Amino acid sequence: EFITGEYRAAVRAVIDKAVQGYETANFEFPLITKAGARIEVLLNATTRRDEQGNVIGVVGIGQDITGRIAQEREYSKLIDTANAPIFGVDTVGSVNVWNQCAMKLVGYSIDEVMGKNLVEEFITGEYRAAVKAVLDEAMRGKETANFEFPLITKGGARIEVLLNATTRRDEQGNVIGVVGIGQDITGRIAQEREYSKLIDTANAPIFGVDTVGRVNVWNQCAMKLVGYSTEEVMGHSLVEEFITKDYQASVQAVLDQALHGAETANFEFPLITKAGARIEILLNATTRRDEHGNVIGVVGIGQDITARLAQEREYSKLIDTANAPIFGVDTQGLVNVWNQCAQRLVGYSFDNVMGKNLVEEFITKEYRTAVKAVLDEAMQGKETANFEFPLITKNGVRIEVLLNATTRRDEQGNVIGVVGIGQDITGRIAQEREYSKLIDTANAPIFGVDTEGRVNVWNQCAMKLVGYSTEEVMGHSLVQEFI
């Protein structure tokens, strides 16, 4: 009267066994309430006896597990429809959980895997021992996270799986198997291999260190450049064994900063090759992190700037020894280049001018605005040629300079200042003034015209002879107006 039709035989069998002295624990069956609702009951059926030990009936102690079963069904549905492959094995390694994502990923249906030995039938030979060890450890309560292993699909393809193996227990805490929640990392591993290949074959030296400074990345370019093979450097301290002593502290500081997340760009330091040669490296130190954002080391991408530095030193020497005054200012107008010729010409030493404002301290007041304008235009990329201005020497003498102002840029093309290459035209200007005076006072009429025939020279004798003053003829057509 109270048991649903499909469970009557099973409940009758439990009661009959208990009447015969065979008690039953944890028997699940449904009851129908007076209101017609179905509830799930977990039953312990116990034999009831009188004082003489005669069986006089059965007592059932139950628990309402309706909510728990609903929750289990919900969990089961979540597992089955999860967007990750989930499988489970019992205590002997036979498959008892295989969700839809696992089916799609591997190609085997539930019927094809249920009850089969996971390790023996679906894991590649070289990984069977490792996978079995992970499952065995989980059976003993020691769970494993992020274990990578391959699965072979029904179609024969190899897929890479990242597994979290979790111990499965019953209500009493007894181990009943293992559940594995996986991720298909085939694409990610392929990408990592591609990145690894790109790093290894890159046309720049790339190295990496772990959190204690031991080398764990050393690409082919680094091998060629420094001369040490991967085997010779892997696991060794980069700073202690391959950096010159005078740079060990600064390189260590750069690595330490990167390990704390503060990356460094364009750090220059020397490496000593296996052959004992010193090479100059320009380094970008980048923090290396795992999938969870934890710092796991530093990767350094370098450039061999040995030749470039040698060239820069040569250029610097050429500038310093050039037979022309050369100076430079930064973007604030402060002197940062001052060659030997400039020192001799103006009288101020390198130390006297470095970091000083060129315009404010070394240009005469009436020319400061003009010189500043030339420098400002060069800062904006508009260079100036043949600009004349005076400089005052340390001894107070005025000298005339003809200047070419050139924009100075860094490797990225950013303006970092202006370089001025000058000529001392003091003597030439004095000579020009002397020639001009000789022409103007000559005892003969002298005139000049430009390319358009306009008068641009008209000396005193010409004025006296013709009667026209300089102002009356300058810029007029000689032929049209005076011939």
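**View 1. T47 stands opposite V58 in β3.** The model is predicted; local features require a pLDDT of at least 70 and side-chain atom pairs a pLDDT of 80 or more, whereas totals for chains, interfaces and linings use all residues. Residues are numbered from 1 along each chain as its sequence is written, and side-chain values use heavy atoms, with hydrogens and water left out. Strand β2 (residues 38-49) and β3 are joined by nine bridges in the antiparallel sense. Helices (H or I, at least four residues) and strands (E, at least two) are DSSP runs numbered from the N terminus, and two strands pair if DSSP finds at least two bridges between them.

**View 2. β1, β2 and β3 form an open sheet of three strands.** The order is β1-β2-β3, with antiparallel pairing. β1 (24-32) and β3 (55-64) are the edge strands, each with a single partner, so one side of each has no neighbour in the sheet. On average, and with direction ignored, neighbouring strands of this sheet are turned by 40 degrees against each other. Helix α1 (residues 8-19) packs on the sheet and touches β1, β2 and β3, its direction making about 140 degrees with that of β1. Contact here means heavy atoms within 4.5 Å. Axes are lines fitted to C-alpha atoms, for helices over the stretch in contact, and angles between N-to-C directions run from 0 to 180 degrees.

**View 3. N26 and N386 have positive phi values.** Most residues other than glycine have a negative phi. N26, which is not a glycine, has a phi of about 55 degrees and lies in strand β1. With 48% relative accessibility, N26 counts as partly exposed. N386 lies in strand β16 and has a phi near 60 degrees; at 52% relative accessibility, N386 counts as exposed. Buried means under 20% relative accessible area, exposed over 50% and partly exposed in between, for a 1.4 Å probe and protein chains only.

**View 4. Five strands form an open sheet in the order β15-β14-β18-β17-β16.** The pairing is antiparallel. At the edges are β15 (335-338) and β16 (384-392), each of which pairs on one side only. Neighbouring strands of this sheet are turned by 30 degrees against each other on average, direction ignored. Three bridges link β14 and β15 in the antiparallel sense, and V329 stands opposite V335 in β15. The hairpin of β14 and β15 has four residues between the strands, and G333 takes a positive phi near 85 degrees there.

View 5. β16 and strand β17 (residues 398-409) run antiparallel and are joined by seven bridges. The bridge partner of I392 in β17 is R398.

**View 6. Aromatic rings form pairs and a cluster.** Rings of Phe, Tyr and Trp (its six-membered ring) pair if their centres lie within 6.5 Å; planes under 30 degrees apart count as stacked, over 60 as edge-to-face and the rest as tilted. The count by this rule is twelve aromatic pairs. In one of them, F147 and F149 are stacked, at 5.8 Å centre to centre and 20 degrees between the planes. F387 and F389 also form a stacked pair, with 5.8 Å between centres and 20 degrees between planes. F387 is buried, with a relative accessible area of 17%, and F389 is buried at 2% relative accessibility. W98, Y108 and F122 form one aromatic cluster.
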